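Visitor: I have not looked at this one before. Can you walk me through a few places in it?

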Amino acid sequence: MFDYHMHSNFSADCETPMEKTVERAIELGLKEICFTDHIDYDYPDKDWIFEFDLKDYDKKIKEVQERYRNQIRIKKGVEIGLQPHILQRYEDMMEQEQFDFVICSLHATEKKDLHFGEFFEGKTVDEAYEIYYTELLTCVRDFKEFSVLGHLDLVKRYTKEKSKNNFHHIIKEIFAEIIPAGKGIEVNTSGYRYGLESGMPSLDILKLYKDCGGEIITLGSDSHVVDTLAVEFPLAIAHLKEAGFKYICTFTDGKPEFHYIDNL
């Protein structure tokens, strides 16, 4: 099994050293993990600085890779928080850095943080969802330096009221951009922890991705503490099978490698 979304104390919202996460992953019998610490340039809440020294990060990844090389495979990833006005900064970063795996996420919309709710003020649920997905579409049209889209329907996590609209018409446009470009999506199992009925994205979006020709898909817990590593993976895999997927991907130097689900 592989967990391809986890954080360490390089992320501003995590205090867990890499070693603790690696040791827990070994205990769980995981074969491969990927650290994907946060870089969110121009994050709207100035109390949180989601940036870190990339040289120190590279050094630490290499250190744990060597230390645990006979017990588990460890990959170097990153989770970047896109906003339309900072795409060039990420382009510049990607020209200078090398990652095995890059998650592209939308944590802020209209330059407002989703987590603390400011973005949703003065909007209906449908209006908020449409703006969120439209901004994500804008980003993926202009930026392609990533491996998968992270928790694609994250906006659902922050709204108490459910939308009656599935917004598949916009999501299909997103898939029309990323699938021909060789990009994928993740199944982020933190949705179960936060009280959603599924991981992120939901089953209907997984089926839509499959129907649109999508094949590249990763599995990640979005863990910030060791207790949530690989959480609800069996349930997520059951949903992937229901959606018609036969493979889960890992990445090396930005290239996907396919693993048969039934062999995990």
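This is a predicted model: local features need pLDDT of at least 70, side-chain atom pairs count only at pLDDT 80 or more; totals for chains, interfaces and linings use all residues.

Visitor: Start with helices. How do α5 and α7 pack?

Guide: Two packed helices are described by the angle between their axes and the distance between the axes. Helix α5 covers residues 168–178 and helix α7 covers residues 203–211; their axes are 10 Å apart, at an angle of about 45°. That angle makes α5 oblique to α7.

Visitor: Is that crossing left-handed or right-handed?

Guide: Right-handed, as α5 passes α7.

Visitor: Which residues make the contact?

Guide: From α5 there are His168, Ile171, Lys172 and Phe175, and from α7 there are Asp204, Ile205, Leu208 and Tyr209. Sorted by class, the contact has five nonpolar residues, two charged and one polar.

Visitor: And α4 with α5, are they parallel or antiparallel?

Guide: Helix α4, residues 125–142, crosses α5 at roughly 15°, and the two axes come within 9 Å. Angles under 35 degrees count as roughly parallel, so α4 is roughly parallel to α5. This crossing is left-handed.

Visitor: Who is touching whom there?

Guide: On the α4 side the contact is made by Glu130, Tyr133, Thr134, Leu136, Leu137, Val140 and Arg141. On the α5 side it is made by Ile170, Ile171, Glu173, Ile174, Glu177 and Ile178. By class, the α4 and α5 contact has eight nonpolar, four charged and one polar residue.

Visitor: Where is Pro201?

Guide: Pro201 lies in the loop between α6, residues 190–193, and α7.

Visitor: Buried or exposed?

Guide: Pro201 has a relative accessible area of 2%. Buried means under 20%, so Pro201 is buried.

Visitor: What does Pro201 touch?

Guide: Not counting residues up to four places away in sequence, Pro201 touches Leu152, Asp153, Ile185, Glu186, Val187 and Leu206. As for distance along the chain, Asp211 is 10 residues apart from Pro201, and their C-alpha atoms are separated by 15 Å.

Visitor: Which residues have a positive phi?

Guide: Among them are Asp42, with a positive phi of about 55°, and His151, with phi near 25°.

Visitor: How accessible is each?

Guide: Asp42 has a relative accessible area of 31%, so it is partly exposed. His151 has a relative accessible area of 2%, so it is buried.

Visitor: Now charged side chains. What does the side chain of Glu32 make a polar contact with?

Guide: The side chain of Lys75, at 3.1 Å. Glu32 sits in strand β2, residues 32–39, and counts as buried because its relative accessibility is 2%.

Visitor: What else is around Glu32?

Guide: Leaving aside neighbours within four places in sequence, Glu32 is in contact with Met1, Phe2, Asp3, Tyr4, Ile72, Arg73, Lys75, Thr250 and Phe251.

Visitor: Which residues is Glu19 in contact with?

Guide: Lys60, Glu63, Val64, Arg67 and Tyr68, leaving aside neighbours within four places in sequence.

Visitor: Last one. Is Phe116 buried or exposed?

Guide: Phe116 counts as exposed because its relative accessibility is 53%, and exposed means over 50%. Phe116 is in the loop between β6, residues 112–113, and α4.

Visitor: What is Phe116 in contact with?

Guide: Asp45 and Trp48, leaving aside neighbours within four places in sequence. Gln88 is 28 residues apart from Phe116 in sequence, and the two are 26 Å apart in space, C-alpha to C-alpha.

Terms used. Residues are numbered from 1 along each chain as its sequence is written. Side-chain values use heavy atoms; hydrogens and water are left out. Helices (H or I, at least four residues) and strands (E, at least two) are DSSP runs, numbered from the N terminus. Buried means under 20% relative accessible area, exposed over 50%, partly exposed in between (1.4 Å probe, protein chains only). A polar contact is a pair of N or O atoms within 3.5 Å; within protein, one must be able to donate a hydrogen and the other to accept it, and residues adjacent in sequence count only if both atoms are side-chain atoms. Contact means heavy atoms within 4.5 Å. Axes are lines fitted to C-alpha atoms, for helices over the stretch in contact, and angles run from 0 to 180 degrees between N-to-C directions. Angles under 35 degrees count as roughly parallel, over 145 as roughly antiparallel, 65 to 115 as roughly perpendicular and the rest as oblique. A crossing is left-handed if the near helix is turned anticlockwise from the far one by less than a right angle, and right-handed if clockwise. Ala, Val, Leu, Ile, Met, Phe, Trp, Tyr, Cys and Pro count as nonpolar, Asp, Glu, Lys and Arg as charged, and the others, Gly among them, as polar.
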